[in-house]
Amino acid sequence: MEITKVLPDDCISLIISLTSPRDACRMALLSHAFNSIADSNAVWQMFLPLDYIHIISNSSSPPSLLSLPKKDLYFTLCYHPILTHNGDMKFQLEKESGKKWYMVGARALSIQWVDTPRHWTWISLPDSRHTPVELDVSIEGTAAGEVRSVILDPPRNMPQQAKERVDGWLEIEMGEFFNGFENDRTVEFSLREDHDDQPKRGLIVQGIELRPKHKNNR
């Protein structure tokens, strides 16, 4: 309360915007004066991506989404992902940090023989499994990353490499990369046949999800 008497509102707003969404929510509980500042558009505008208008404008979401108060818009994007790129990608925000979180749908992936019905058909089922495949993630123009050989549904005597999601799908970490805020670079993801000369059947791909990784998870 004493701070509000010494500092002008715009200064307090700037200070709060340099913290985090979690901190802003906590500060809104301190007093009525803090509530109006911590919940202001000026604060929550800073937690949204710089290109959020472009992302929403090029999504399937109604334009009215942009008219929401910035705090409401922030949490809408956290809890209700939007479809972009003609429905081939899903975008949302990571609640703790406001970092971008993408799901690249299967139809947006470059899949060998994807237009050959004897190899692939477009269906949707939550209970897919497959035999060994190789995964890797790398930045275009740099050395290839670690290549991992994984089995989504291993025998009982092997460790489980995949995790079951709440939506019924299985997910497995392909790798990680660091965005150093340099010029835009292309991130390459690869899922390919392991060298066992066995045809792969029953593989159903929902997509590839890109989400932020907190430092304390390392």
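How many bridges join E1 to E2, and do they run parallel or antiparallel? E1 and E2 run antiparallel and are joined by 3 bridges; strands count as paired if DSSP finds at least two bridges between them. The model is predicted, so local features need pLDDT of at least 70 and side-chain atom pairs count only at pLDDT 80 or more, whereas totals for chains, interfaces and linings use all residues. Residues are numbered from 1 along each chain as its sequence is written, and side-chain values use heavy atoms, with hydrogens and water left out.

**Overall**

- The protein has 7 helices and 9 strands; helices (H or I, at least four residues) and strands (E, at least two) are DSSP runs, numbered from the N terminus.
- Of the 218 residues in the protein, 31% are buried; buried means under 20% relative accessible area, exposed means over 50%, and partly exposed lies in between, for a 1.4 Å probe and protein chains only.
- The accessible surface comes to about 14,900 Å², and 53% of that surface belongs to carbon and sulfur atoms; areas come from the Shrake-Rupley method with a 1.4 Å probe, and for residues only the protein chains shown count as cover.
- Among contacts between residues at least 6 apart in sequence, 53% join residues at least 24 apart; contact means heavy atoms within 4.5 Å.

**Nonpolar core**

- The largest nonpolar core has 28 residues, and Ile16 and Leu77 have the most contacts inside it; such a core is a set of buried Ala, Val, Leu, Ile, Met, Phe, Trp, Tyr and Cys residues joined through side-chain atoms within 4.5 Å.
- Two or more residues of this core come from each of H2, helix H4 (32–38), helix H5 (41–45), helix H6 (52–57), helix H7 (70–79), strand E2 (89–93) and strand E3 (100–105).
- H7 gives the largest share of this core, with 4 residues.
- Leaving aside residues up to four places away in sequence, isoleucine 16 touches Ala24, Met27, Phe34, Ile37, Ala38, Val43 and Phe47.

- In helix H2 (residues 9–17), the buried residues are Ile12, Ser13, Ile16 and Ser17.
- Seen down the axis of H2, these buried residues fall within an arc of 135°, so they line one face of the helix; the arc is that of the directions from the helix axis to the C-beta atoms.
- An α-helix has 3.6 residues a turn, so residues three or four places apart point the same way.
- The buried residues of H7 are Lys70, Lys71, Leu73, Tyr74, Leu77 and Cys78.
- Around the axis of H7 these residues cover an arc of only 165°, which puts them on the same side of the helix.
- Helix H3 (21–27), H5, H6, E1 and E2 are among the elements that cover the buried residues of H7.

**Serine 40**

- Serine 40 lies in the loop between H4 and H5, and counts as buried at 18% relative accessibility.
- A polar atom of the serine 40 side chain lies 2.7 Å from the backbone oxygen of isoleucine 37.

**Strands E1, E2 and E3**

- E1 and E2 form a hairpin with 4 residues between them, and threonine 84 stands opposite methionine 89 in E2.
- E2 and E3 also run antiparallel, joined by 5 bridges, and methionine 89 stands opposite valine 104 in E3.
- The hairpin of E2 and E3 has 6 residues between the strands, and glycine 98 in its turn has a positive phi of about 80°.
- E2 is mostly covered, with 4 of its 5 residues buried.

**The loop between E1 and E2**

- Histidine 85 is in the loop between strand E1 (82–84) and E2, and its phi is near 50°, a positive value in a residue other than glycine.
- Histidine 85 is partly exposed, with a relative accessible area of 48%.
- The side chains of histidine 85 and threonine 84 are joined by a polar contact of 3.0 Å; a polar contact is a pair of N or O atoms within 3.5 Å where, within protein, one must be able to donate a hydrogen and the other to accept it, and residues adjacent in sequence count only if both atoms are side-chain atoms.
- Histidine 85 and serine 60 are 25 residues apart in sequence and 8.7 Å apart in space, C-alpha to C-alpha.
- Asparagine 86 is found in this loop between E1 and E2, with phi near 60°, a positive value in a residue other than glycine.
- Asparagine 86 is exposed, at a relative accessible area of 83%.
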